[in-house]
Amino acid sequence: MSVSIVQYYGSQQSKCGYCAGANCSLSHGMHAYRLDCQDYQDLIDRGWRRCGNYCYKQRNQETCCPCYTIKCDGLEFKLSKSNKRILRRMNRFLRDGKRESKPEAGEGDGEGDADDATVAIEVTASEPQPQLPDKSPAVINVEHVASLARAQKKPPKQAAAPAAEAPTLGSNKSPISNKPCKKAKQMRLERRQAKLGDSASTSTKTLSQEKSLRDFLLINNETNKHKLKIVLVASSDTERTCADAVIELYRKYQITIHNDNPARLTLASMQRFLVKSPLKNEKPSDGPEIGYGSFHQQYWLDDKLIAVGVIDILPACVSSVYFFYDPDYSFLSLGTYGSLREIDFVQSLAESVPSLNYYYMGFYIHSCPKMRYKGKLSASYLLCPETYEWLPLTDAIRAKLDENKYQRLNPDASARDVNEFLIEHLDEVMLLLDAQTCADYKHYKQLRGTDNEVDTIIEYSKLVGKVCAHRMLYVNML
């Protein structure tokens, strides 16, 4: 497990990218030099989100447009009629090469053209880039600091076991190897099949009536007029993630869709936002073959780049960071198509890693109508901003958000944050004091005496939760 290293910036105030209000978007921010993928999974499960190396969490009770983390269960996801129309339209375009302004008649969904137009408009409203604070993080040698932190942390105590001891009955673990055995892999596949309803109990009639997402995405590139290829590229492969075609596409999208100033759309700005990542690529034995980390999915239509999906692959999810596309192909509803492709990617990963079954879509902003489209995916859940429990996005929750833009969401008044940081947890918070010194808070107090930063350290620890506060390294260099 790699060491996460962060510098907390405290409360931030900026222009809102949703309502365009001046200095009314309120958040907490921190710079991440490096993030372990499990730590970032835990952070986004507490409402954090990253933009390059900058991580932020909205102050939902105070900010103008409360942002609720939203996810979709990839294995419970069901296609809507609108989803199917978009998939059929893409498949017809690939097959015949014809651009359709209207859906083809006789598709059998009984819904009109207006709905298609609505969907196409909604998916272009990508989350705006957050305004980064006018601060520079302390300059540190990340690798050196990580080695200091590893040396500081005490190794967990392990109970000694006889070398020849057999595994307990029913265990899938080997006393020699950490790699999952064939039996465990088979059990994963069986659970996957059962959850997808693909078990022997499913009737042949039902299967013939309902096409799955995978069925719609099966493309015969040999006979189609156009060939669509989706290439997965590690973010760190800058030769491909910063290629001229990517930069040109990004500039075209930002200028056309978000009306950005062309002078600000430099290679450096794109790298800061979409290429740089604090996540270190990790390949644990029980993870996906490609490992965890930050990636780009490049959509190539014949020899032309038409879209890029920036994603993080984490222990429990694929997290969508950003999606940009060629506005000339808006008739294909590429925003929604990209989401469906990413859900399919989640389903593929879950076949070998069952715990990796969620698709995180960023923030759901109910008070901003153009951002409500994220809640239209089936099997969607919102994160309660107080208890950090997930609740199904139902009409009842939508009605509550209509009444008041900020809601606790969890109806159980007695429910509490199980990962809450309390003052008695303070002594175990890990700190970087200078370029050569790491210490937990208890020893830091002994070294420095009076601590003027204690309130800030406690605020940070409450925001990231007890587990991350004890695991991550807080840069406290004066």
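Predicted model: local features only at pLDDT ≥ 70, side-chain atom pairs only at ≥ 80, totals over all residues.
Rolling a probe the size of a water molecule over the atoms shows where empty space is left. A search of the whole structure for cavities of 30 Å³ or more finds 1, and the volume of the largest cavity is about 60 Å³. Its lining is made up of Y40, I44, W48, R49, T69, S319, Y360, G362 and F363, with α1 (37–44) and β10 (358–364) being the elements that give two or more residues to it. The largest share, 3 residues, comes from β10, and by class the lining of this cavity has 5 nonpolar, 3 polar and 1 charged residues.

The largest pocket, by comparison, has a volume of about 1100 Å³. It is lined by 40 residues, of which G17, P128, Q129, P130 and Q131 are the closest to its centre. At least two residues of the lining are supplied by each of β2 (25–34), β4 (54–58), α9 (244–258) and α10 (267–275), and the largest share, 4 residues, is that of α9. Sorted by class, the lining of the largest pocket has 20 nonpolar, 15 polar and 5 charged residues.

Helix α2, which covers residues 81–96, can be followed from end to end. The 16 residues of α2 reach 22 Å from the first C-alpha to the last, close to the 22 Å expected at 1.5 Å a residue. An α-helix has 3.6 residues a turn, so residues three or four places apart point the same way. In α2 the buried residues are S82, N83, K84, R85, I86, L87, R89, M90, R92, F93 and L94, a list that includes charged side chains such as K84 and R85. Just after α2, G97 takes a positive phi of about 80°.

Elsewhere, Y250, Y253, F273, Y299, Y322, F323, F324 and Y325 form one aromatic cluster. Two lysines also take part in contacts with rings: K71 lies over the face of Y358, at 3.6 Å from the ring centre, while the charged end of K211 sits over the ring of F216, 4.4 Å from its centre.

Terms used. Residues numbered from 1 in each chain as written. Heavy atoms only, no water. 1 Å grid on protein atoms, 1.4 Å probe; cavity = no way out; pocket = protein on both sides within 12 Å on 5 of 7 lines; lining within 4 Å. Points joined across faces, edges and corners; volume = space filled by probe spheres on them. Expected span 1.5 Å × (residues − 1). Buried < 20%, exposed > 50% of the residue type's maximum accessible area, 1.4 Å probe, protein only. Phe/Tyr/Trp six-rings, centres within 6.5 Å; stacked < 30°, edge-to-face > 60°. Lys NZ or Arg CZ within 6 Å of the ring centre and 35° of its normal.
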